[in-house]
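Please look at the aromatic side chains in the structure below.

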Amino acid sequence: MSKNLMDVVNFANSSAKKEHYATSKDRLVRGNPEQNNTLHFSAGEKFFVGEWGAEIGCWNVNYTENEYFQILSGKSILRDTQGNELILVAGDKICVPAGFHGEWEVIEPTQKIYAIYEA
């Protein structure tokens, strides 16, 4: 199936709708951060690209997917179950492998662009 420029997704003029939602209570560590997501592109049930953000708070994460992301703004901490921390700030480009368990803590409201592959 051939594609053309009508199939190309430009985030700047995408018609995707931003969704807002509360962090699941069973995952909360502290706070009650609202999260947002704009899914700009998906290819079946395995590949997703969009923009995500969250307000200040902390919650448990359990990655079943492989994710690449770039932090656009804000400051967060990705923490593994051993307590090791990675501080995330604007410009950081990160890959998180499926199977990662830990916490995501938002210190300053954070926005990122992501690409997810679910095996």
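One aromatic cluster is formed by Trp 52, Trp 59, Phe 69 and Trp 104. The model is predicted: local features need pLDDT of at least 70 and side-chain atom pairs pLDDT 80 or more, while totals for chains, interfaces and linings use all residues. Residues are numbered from 1 along each chain as its sequence is written, and side-chain values use heavy atoms, without hydrogens and water.

The structure holds five aromatic pairs (rings of Phe, Tyr and Trp, the last by its six-membered ring, with centres within 6.5 Å; planes under 30 degrees apart are stacked, over 60 edge-to-face, the rest tilted). Trp 52 and Trp 104 make an edge-to-face pair, because their ring centres are 5.4 Å apart and their planes stand at 75°. Since Trp 52 lies in strand β4 and Trp 104 in strand β9, this pair ties together parts 52 residues apart in sequence. Strands are DSSP runs of E, at least two residues long, numbered from the N terminus. Trp 52 and Trp 104 are both buried (under 20% relative accessible area, with a 1.4 Å probe and protein chains only).

Lys 112 places its charged end over the ring of Phe 69, 4.3 Å from the centre, and also over the ring of Trp 52, 4.8 Å from the centre. Here the NZ of Lys must be within 6 Å of the ring centre and within 35 degrees of the ring normal.

The largest nonpolar core has 16 residues, of which Trp 59, Tyr 63, Phe 69, Leu 88, Val 96 and Trp 104 touch the most other members. Such a core joins buried Ala, Val, Leu, Ile, Met, Phe, Trp, Tyr and Cys residues through side-chain atoms within 4.5 Å. Its largest share, four residues, comes from β9.

Notes
Buried < 20%, exposed > 50% of the residue type's maximum accessible area, 1.4 Å probe, protein only.
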